[in-house]
Amino acid sequence: MNKFQLTALIAALANLAVLLLFPPFNNQSLLRAGPASFDAFYPAFDAPVNATLNSGLLYLEIFFVLVNAALAWLLLQGAPQEPSRPRVRWQSVLQWLVIANLLLILLFPPFETQPDRAFEGFRFALSGSVQRGIFLPFLFLELFLLALDAAVLWLVFGLVARSDGTDGAEFAGPESFDEASAAPGPDRSQIGRSDRDRRQGGDRRFDGPERRRGIERRKRP
């Protein structure tokens, strides 16, 4: 397990802790008969007396957190030759997960019943009818939590990458700009013709007589 997988595991545990601390509750209205309907998210230790736990919605939230954690764990696996670095860049993994969750939220938004505007459940976006509308408070809450998770994970993954000296994927080349700048370059200390002419060496392509005679023009006063 590398540091990026450990970070994803800690993030999943933090999300599970928030879900268990603020679970969804139902409320039975005294004005109408029938089953209890979704009311709100209350602290687990300070819920109203007449509120009952919405176990179905809670299990669904826990399921999606575990699915995201499993996908992040698999995508952030290290390479066999270097297990500390994931095969896929953490930026790409986070972007793919955010896009997948956003599409899932928009394709299966929360719906409400009409005209009492009570939360009914998650349905396919194109299967709505005149008796149902999108439950906007729940939808905005989902989008807000997704954006918050993405921002926090982006910052934490960036800190882990800097501390580990890697960008989160296999990379060959200088590790920093200073090392790249310190790399030796071509020798430009000598410009023009060298002190030793090629005709004076053992090069057979220049075995003829030297055509320059006398003092060169560059050396004239």
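Let's start in strand β6, where Arg132 is the bridge partner of Thr113. Helices (H or I, at least four residues) and strands (E, at least two) are DSSP runs here, numbered from the N terminus. Two strands count as paired if DSSP finds at least two bridges between them. β4 and β6, residues 132–134, pair in the antiparallel sense over 3 bridges.

A word on what we are looking at: this is a predicted model, in which local features need pLDDT of at least 70 and side-chain atom pairs count only at pLDDT 80 or more, while totals for chains, interfaces and linings use all residues. Residues are numbered from 1 along each chain as its sequence is written, and side-chain values use heavy atoms, with hydrogens and water left out.

Back to β4, residues 110–113, which also pairs with β5, residues 119–122, in the antiparallel sense over 3 bridges. Within that pair, Pro110 stands opposite Phe122, and Glu112 stands opposite Phe119. The β4–β5 hairpin has 5 residues between the strands, and there Arg117 takes a positive phi near 55 degrees.

Put together, that is an open sheet of 3 strands in the order β5-β4-β6, with antiparallel pairing. β5 and β6 are the edge strands, each pairing on one side only. Neighbouring strands of this sheet are turned by 35 degrees against each other on average, direction ignored. The axes are lines fitted to C-alpha atoms, for helices over the stretch in contact, and angles run from 0 to 180 degrees between N-to-C directions.

Now the other sheet. Here we have an open sheet of 3 strands, ordered β2-β1-β3 and paired antiparallel. Its edge strands are β2 (37–41) and β3 (51–53), each pairing on one side only. The twist averages 45 degrees from one strand to the next. β1, residues 24–27, and β2 run antiparallel and are joined by 4 bridges, with Pro24 opposite Phe41 in β2.

On to the helices. How do α1 and α2 cross? The axes of α1 and α2 (residues 55–75) come within 9 Å and cross at roughly 175 degrees. That makes α1 roughly antiparallel to α2, a label for angles over 145 degrees, with under 35 being roughly parallel, 65 to 115 roughly perpendicular and the rest oblique. Among the residues that meet, α1 contributes Ala8, Ala12 and Leu16, and α2 contributes Leu58, Ile62 and Val65. Contact means heavy atoms within 4.5 Å.

What about the core? A nonpolar core is a set of buried Ala, Val, Leu, Ile, Met, Phe, Trp, Tyr and Cys residues joined through side-chain atoms within 4.5 Å. Of the 13 residues in the largest one, Phe4, Leu76, Trp90, Leu153 and Phe157 touch the most other members. The elements giving two or more residues to this core are α1 (3–21), α3 (90–107) and α4 (136–164). Leaving aside neighbours within four places in sequence, Leu76 is in contact with residues including Phe4, Pro86, Trp90 and Phe157.

Next, Gly165, in the loop between α4 and α5 (177–182). Gly165 and Arg85 are 80 residues apart in sequence and 10.0 Å apart in space, C-alpha to C-alpha.

Finally, confidence. pLDDT is the predictor's confidence in each residue, from 0 to 100. The chain averages 79, and 69% of the residues score at least 70. Over residues 170–177 pLDDT stays under 50. Where pLDDT is low, the predicted coordinates should not be read in detail.

How values were computed
Buried < 20%, exposed > 50% of the residue type's maximum accessible area, 1.4 Å probe, protein only.
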